[in-house]
Amino acid sequence: MSRILIVGAGLTGSLCAHLLRRALASKLQLVIWDKARGAGGRMSTSRCTSDPNCTVDLGAQYITVTPDYAQKHKMFHDELVAKGICIPLRATVEGMVMKEGSYNLVTPQGVSSIVKHYLSQSGADIFYERHVTHINLREGKWEVCRKSGTPENFDIVVLTMPVPQILQLQGDISQLIKEKQRQQLETVSYSSRYALGLFYETGTQIDVPWAAKYISDNPCIRFISIDNKKRNVESSEIGPSLVVHTSVPFGIENLEQEKEAVQPLILKQLNSLLPNLPQAKDIKCQKWRYSQVTEAFPECPGQITLHSKPFLLCGGDGFTHSNFDGCTESALRIVETIVSQSQH
Ligand code: FAD
């Protein structure tokens, strides 16, 4: 039996775990480590401190099904819809530009419900607040070290975090990455932006004619969504929530600032765009240093093999593109690589 570690409980890691379990069933022990306190990665859903039912999606907003993937990944889209995890977007999104033949799905329980679904199907042992720092090769196994706690050994390791975070790992891994691969990894780049989640008292009215809107003429704000309205969950028992995404130039300009210093700048711009916005009871600010891929790994291979015996693989949207189908493609390529070796 192989002991496999997947680093990252985002969409790529969770789907990879689910597909590996389906392909190899009892032949493996699956373990997932994530440095965060919960599942989702950039598909995270944040909760109001005083009311855990009031939530916002601070990262990904919709699953956009494009004609390119409508057939190719049909079984993934259909399964999420059949289980009620995704529903069609019905609300008005002003300024949205759609590729012809595309449609959007939203998640009534928040976008992290997709990741949680795959994690629950995977039967993996999942551990949060495990920040991987070093990876060493010791007698044919990977010794994986974390910020605190004892190192553990694995037969296979799969890294699914953003590429710059892979390049930060220390130990033998840094010598094992071949020079050409390192150069290619260094070309992968991401945009940066901030997200703000605002939570309101039950019964608060946010009087706008849209559920979400793209803003094109503000120096700071690019997107606003009345998050529960966008997800088609308007309830008399749960207060509304609102999410703001900043523009990428604003994100880059303020990247090295503390969140606490940036939050008032975003709120000031929000109040100028929506002067009648009621007072929020709770606000969360998220810095997305690695938001969406602006340049992927050359030729978008889905995954790359850093070492083959034993396997050390890496995948994620950096090896495809930043959306549901990009991560799905990456998870499929990772699983294909592991399964083909297990059959030899
Ligand atoms: P991640 O979600 O980044 O997962 C990697 C995980 O690794 C994280 O949980 C992280 O905590 C963990 N990790 C990192 N380093 C370590 C370490 N050293 N040790 C342990 N764990 C570690 N996509 C869409 O489809 N539709 C959208 O509308 C959309 N909008 C977006 C808006 C924003 C603001 C952002 C940020 C992204 C958006 N995306 C959207 C892109 C989408 O969210 C990502 O492509 C996808 O979530 C990436 O998943 P992943 O699993 O590859 O990586």
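The following dialogue explains how to read several features of this predicted model.

Reader: What should I know about the basis of the values?

Author: This is a predicted model, in which local features need pLDDT of at least 70 and side-chain atom pairs count only at pLDDT 80 or more, while totals for chains, interfaces and linings use all residues. Residues are numbered from 1 along each chain as its sequence is written, and side-chain values use heavy atoms, with hydrogens and water left out.

Reader: How many aromatic pairs are there by the rule applied here?

Author: Rings of Phe, Tyr and Trp (its six-membered ring) pair if their centres lie within 6.5 Å; planes under 30 degrees apart count as stacked, over 60 as edge-to-face and the rest as tilted. By this rule there are 6 aromatic pairs. One of them joins Y62 and F223 edge-to-face, at 6.4 Å centre to centre and with 85° between the planes.

Reader: Where do Y62 and F223 lie?

Author: Helices (H or I, at least four residues) and strands (E, at least two) are DSSP runs, numbered from the N terminus. Y62 lies in the loop between β4 (55-57) and β5 (63-65), and F223 in strand β17 (residues 221-226), so the pair ties together parts that are 161 residues apart in sequence.

Reader: Which aromatic pair does F223 form with Y214?

Author: Y214 and F223 form a tilted pair, 4.9 Å centre to centre with 50° between the planes. Y62, Y214 and F223 form one aromatic cluster.

Reader: Is Y62 buried or exposed?

Author: Buried means under 20% relative accessible area, exposed over 50%, and partly exposed in between (1.4 Å probe, protein chains only). Y62 counts as buried because its relative accessibility is 14%. F223 is also buried, with a relative accessible area of 4%, whereas Y214 is partly exposed at 25%.

Reader: Which charged end sits over the ring of F127?

Author: A charge sits over a ring if NZ of Lys or CZ of Arg is within 6 Å of the ring centre and within 35 degrees of the ring normal. The charged end of R130 sits over the ring of F127, 4.1 Å from its centre. R146 lies over the face of W33, at 5.3 Å from the ring centre.

Reader: How many salt bridges are counted?

Author: Side chains of opposite charge can pair when their charged atoms come close. A salt bridge is a side-chain nitrogen of Lys or Arg within 4 Å of a carboxyl oxygen of Asp or Glu. The count by this rule is 19 salt bridges. Among them is the bridge between K99 and D68, at 3.3 Å from N to O. K99 lies in the loop between β7 (93-94) and β8 (103-106) and D68 in helix α2 (residues 67-70), so the pair ties together parts that are 31 residues apart in sequence. D68 is exposed, with a relative accessible area of 51%.

Reader: Which residue meets E94 in a salt bridge?

Author: The side chain of E94 meets that of K213, at 3.5 Å from N to O. E94 lies in strand β7 and K213 in strand β16 (residues 212-214), so this pair ties together parts that are 119 residues apart in sequence. E94 is partly exposed at 31% relative accessible area, and K213 is partly exposed at 26%. There is also a network of salt bridges that links D57, D227, K230 and R231.

Reader: Which residues does V106 touch?

Author: V106 is found in strand β8, and V106 is buried, with a relative accessible area of 1%. Contact means heavy atoms within 4.5 Å. Not counting residues up to four places away in sequence, V106 touches Q61, Y62, I85, C86, I87, P88, L89, K230 and R231.

Reader: At what angle do the axes of helix α3 and helix α11 cross?

Author: Two packed helices are described by the angle between their axes and the distance between the axes. Axes are lines fitted to C-alpha atoms, for helices over the stretch in contact, and angles run from 0 to 180 degrees between N-to-C directions. The axes of α3 (residues 74-82) and α11 (residues 324-342) come within 11 Å and cross at roughly 115°. The contact is made by F76, H77 and L80 of α3 and F324, D325, T328 and L332 of α11.

Reader: How does helix α1 pack with α11?

Author: Helix α1 (residues 11-24) and α11 pack at an angle of about 35°, with their axes 8 Å apart. Residues that meet in this pairing include L11, L15 and L19 in α1 and F324, L332 and I338 in α11.
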